[in-house]
Amino acid sequence: SGNTMQYVTPLLTNKTDEVVWGSNDGKIDNGDIAYYYFDKNNFRIICLDTNYSYNSDLDEWQHNTEASWGPPKGNIYPNSLGPTQLKWLENLLLNSAKNGKRCIIVSHATFNSNWSDYSYDSKAVCEMLKTANKSNPGTVLMCINGHFHGNRLTVNDEIVFLNVNTVVNGYWIEKGIEHYSDEHTFN
């Protein structure tokens, strides 16, 4: 499938056996699952995949195709996790609260509905975050995302939401124009 995650992601921990994937057995499987977590000391880093959307004609959630620029044509609810990943996240957050893990969640699209173009799953995810923090205060500390191509920070329900500008200011291929204006470019 050309997926390099099985090679690159374990380097985040320097140990290939520390990454737990969202598959049934926690293994990389065939590379179609792109959400996972790993623990470092008392911290749990949860990496989510917001590249799902819903195909109403087929009545199914679909993952964006390889190297796509958004959901397949006609699909709705872009920037979603989909029901399988949502359930995985809910169970993981409850487990984290029970075991005293402090979570940092990383995703492309934000779950902060106070910003524009947030994930379709924002409301459900934020309820899960609140539930985990009610069970064990401080379970979820921060949610980090990109997607906006700008820097923003806010605190909601004692959780820090941080939007980080992308690493590369580049040519916006789809439109054939520069994606960034001068105020978005850094030396």
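In the hairpin of β9 and β10, Asp 157 adopts a positive phi near 50°, and two residues lie between the strands. Helices (H or I, at least four residues) and strands (E, at least two) are DSSP runs numbered from the N terminus. The model is predicted: local features require pLDDT of at least 70, side-chain atom pairs count only at pLDDT 80 or more, and totals for chains, interfaces and linings use all residues. Residues are numbered from 1 along each chain as its sequence is written, and side-chain values use heavy atoms, with hydrogens and water left out.

Strand β9 (residues 152–156) pairs with β10 in the antiparallel sense over five bridges. Pairing requires at least two DSSP bridges between two strands. Val 155 has Val 160 of β10 as its bridge partner. Strand β8 (residues 140–145) also pairs with β10, in the parallel sense, over four bridges. Here Asn 145 stands opposite Asn 163. Strand β10 (residues 159–163) has a covered face of Ile 159, Phe 161 and Asn 163. Its uncovered face holds Val 160 and Leu 162.

Asn 145 also makes a side-chain polar contact of 3.4 Å with Thr 110. Such a contact is a pair of N or O atoms within 3.5 Å; within protein, one must be able to donate a hydrogen and the other to accept it, and residues adjacent in sequence count only if both atoms are side-chain atoms. Thr 110 lies in the loop between β7 (102–107) and α3 (122–135). Thr 110 is buried, at a relative accessible area of 1%. Buried means under 20% relative accessible area, exposed over 50%, and partly exposed in between (1.4 Å probe, protein chains only).

A three-stranded open sheet has the order β5-β4-β6, with antiparallel pairing. The edge strands β5 (60–63) and β6 (76–80) each have a single partner, so one side of each is left without a neighbour in the sheet. Strand β4 (residues 52–55) pairs with β5 over four antiparallel bridges. Ser 53 stands opposite Gln 62 in β5.

Helix α2 (residues 82–98) has 17 residues and spans 25 Å from first to last C-alpha, close to the 24 Å expected at 1.5 Å a residue. The expected span is 1.5 Å times one less than the number of residues. Its buried residues include Trp 88, Leu 89, Leu 92 and Leu 93. The buried residues of α2 fall within an arc of 165° seen down the axis, so they line one face of the helix. The arc is taken over directions from the helix axis to the C-beta atoms. On the other side of α2, Thr 84 and Lys 98 are exposed. Gly 100 follows α2, with a positive phi near 70°.
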